[in-house]
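Here is a friendly note to read alongside the model. Please keep the picture open while you go through the points.

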Amino acid sequence: MDLQKHAPTQDAAPRGTAPSVSEMRASDADRDRIADMLRDALAEGRLTADEHAERVEGVLAARTVGELDVFVRDLPAAHAGRHSVPPAPHRPTAGTVPAEPDENMVAVFSSAVRKGRWRAGRRIHAYAVFGSVEIDLSEALFEHRQVVIKAFSVFGSVEVRVPENVSLRGAGGGVLGSFEVDAVDSAEADAPVVYVDGWAVLGSVEARPKRGKLVADILDRVHRKVEKRLRKHL
């Protein structure tokens, strides 16, 4: 069966209304998530090699989140926990994040890097002026559920990387520059949410998930839930 040909087309959202999740453009992280589900289904014997190859081909060609869902809607992994996890809010909760930064990262004709095992504060300000700032949260310790990164790039670059199992939101702009944030919703209701905003003036600000990196404590909770459910059925 050619699932790509039968994938339902999404009607354009009425003018003035926000698109639904299924109508949103699919990111590389969305395609990777679906491809991982298909790979696991192949390993479990739920799909034949031909079915797997056919669906992966369709995933690579899919344009929206809704088109991606077609390829896994008959697999258990696609429905695990979906109904109980609302999307992350687009703005931080009022009063949760202080106005003053916990940490400033400044690169003027230089570079500044924050990576490895470190504790992420509630607010981080990054300034790149003819320089580069790298904020890698893929191995960071999240002591707060909401983290705001305020990024300003002037003839420079600010790059933010987050684990795959946190939510990512962005609101900013570019003036003769590039401001790109790949929005992601975590499957865990209590996962951290990283908000990236600011401006890129003749520079760039980029934020996206880092493939293969997960917040360890969230992953442990998922494993415990799975083990608990398995014990109930044994």
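**Notes on charges, cores and surface**

1. A search of the whole structure finds 17 salt bridges, a salt bridge being a side-chain nitrogen of Lys or Arg within 4 Å of a carboxyl oxygen of Asp or Glu. Side chains of opposite charge can pair when their charged atoms come close.

2. A word on the source: this is a predicted model, where local features need pLDDT of at least 70 and side-chain atom pairs count only at pLDDT 80 or more, while totals for chains, interfaces and linings use all residues. Residues are numbered from 1 along each chain as its sequence is written, and side-chain values use heavy atoms, leaving out hydrogens and water.

3. Look for arginine 119 and glutamate 143, whose salt bridge has its closest N and O atoms 2.5 Å apart. Arginine 119 lies in strand S3 (residues 119–120) and glutamate 143 in the loop between strand S6 (141–142) and S7, so the pair ties together parts 24 residues apart in sequence. Strands here are DSSP runs (E, at least two residues), numbered from the N terminus.

4. Next, glutamate 180 and arginine 208 meet in a salt bridge at 3.9 Å, N to O. Glutamate 180 sits in strand S10 (residues 178–181) and arginine 208 in strand S12, so this pair links parts that are 28 residues apart in sequence.

5. Which residues touch the most other members of the largest nonpolar core? They are Val133, Ile135, Leu137, Ile149, Val194 and Val196, in a core of 29 residues. Such a core is a set of buried Ala, Val, Leu, Ile, Met, Phe, Trp, Tyr and Cys residues joined through side-chain atoms within 4.5 Å; buried means under 20% relative accessible area, exposed over 50%, and partly exposed in between (1.4 Å probe, protein chains only). Strands that each supply at least two residues of this core include S1 (103–108), S7 (146–154) and S11 (193–201). Apart from it lies another core, of twelve residues, including Leu38 and Phe71.

6. Finally, a nonpolar surface patch of about 1,000 Å² includes Val106, Phe130, Trp199 and Leu202. Patch residues have over 30% relative accessible area and no salt bridge, with like charges joined within 9 Å and nonpolar side chains (Val, Leu, Ile, Met, Phe, Trp, Tyr) within 5 Å; areas come from the Shrake-Rupley method with a 1.4 Å probe, and for residues only the protein chains shown count as cover. Phenylalanine 130 is in the loop between S4 and S5, and counts as partly exposed because its relative accessibility is 40%.

Definitions and conventions: Helices (H or I, at least four residues) and strands (E, at least two) are DSSP runs, numbered from the N terminus.
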